[in-house]
Amino acid sequence: MSNKIETLAKIQEVGIVAVVRATSIEQAEKITDACIAGGVAAIELTFTVPHADKLIEAMRAKYNSGEIIIGAGTVMDAATARIAILAGAEYIVSPYFDPETVKCCNRYGIPSMPGIYTPTEAVHAMECGADVLKVFPGDIAGPRFIKDIHGPIPNAVMMPSGGVDVDNVKEWIKAGAVACGAGSSLIAGAKTGDYDKITETGKLFVQRIKEAREEMKK
């Protein structure tokens, strides 16, 4: 079991979290494999996948070297968070901020990433001990949102999800995102069974995040 600090450091290092939605455990497994082949080391297995807890358990057993981080997404309440954590989830992502879910994660020493969309929600989530604020929906908020929040709240750690693609990921990183969550723009190939496309897109994401960080140092 990796500790919270290590998990958060790894997510920040890779800079991209693959949001895996699928119709079956088999499909989710193929998507996960394709993402990992592309260098996307943080995988968010969503609870919209049937038997998501079994999938988390299976993926944790398969990728047990410690290089790959398996988390749970679309976690709507503390009860689901606990199920995910007991199945081996290394971080918990929610579409909205629920104090009880954050408390549950803190109780088990697991990073929590609740969805926020306003400065009030951001501060409430931080006060409750949330580790990363998931800016959601990212396509409506836009990269400027992160810049604007960082004005009055510079210590807010934010990760957009929704609407992040290879064309705008550099913009998000440069705006101050610690990492980005990518769903349909990354895993679209699964619909047609083109898992190589997922791997290629993953490589592009990783490359562009590196480039953005290099450019920020100049």
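The model is predicted: local features need pLDDT of at least 70 and side-chain atom pairs pLDDT 80 or more, while totals for chains, interfaces and linings use all residues. Residues are numbered from 1 along each chain as its sequence is written, and side-chain values use heavy atoms, without hydrogens and water.

**Pockets**

- A pocket is an open set of points on a 1 Å grid over the protein atoms alone, where a 1.4 Å probe fits, with protein on both sides within 12 Å along at least five of seven lines; lining residues have an atom within 4 Å of a point.
- The second largest pocket has a volume of about 150 Å³, a volume being the space filled by probe spheres set on the points, which are joined across faces, edges and corners.
- Its lining consists of K10, E13, V14, A41, E67 and I69, and helix α1 (residues 4-14) gives the most, with three residues.
- Helices (H or I, at least four residues) and strands (E, at least two) are DSSP runs, numbered from the N terminus.
- The largest pocket holds about 360 Å³ of space; of its 21 lining residues, V19, R21, A182, G183 and S184 are the closest to the centre.
- Two or more residues of this lining come from each of β9 (180-182) and α10 (184-187), and α10 has the largest share, three residues.
- The lining of the largest pocket divides into eight nonpolar, nine polar and four charged residues.

**Helix α3**

- A52, L55, I56 and M59 are buried in helix α3 (residues 52-62), where buried means under 20% relative accessible area, exposed over 50% and partly exposed in between (1.4 Å probe, protein chains only).
- These residues lie on the same side of α3 because they cover an arc of only 100 degrees around the axis, taken from the directions from the helix axis to the C-beta atoms.
- The buried residues of α3 pack against α2 (25-37), β2 (42-46), β3 (69-73) and α4 (78-86), with contact meaning heavy atoms within 4.5 Å.

**Backbone sites**

- F136 and P137 are joined by a cis peptide bond, with omega about -5 degrees; P137 is in the loop between β7 (133-135) and α7 (138-141).
- H51, not a glycine, has a positive phi of about 55 degrees; H51 is in the loop between β2 and α3 and is exposed at 56% relative accessibility.
- T74, also not a glycine, has a positive phi of about 50 degrees; T74 is in the loop between β3 and α4 and is buried, with a relative accessible area of 17%.

Conventions
Nonpolar A, V, L, I, M, F, W, Y, C, P; charged D, E, K, R; others polar.
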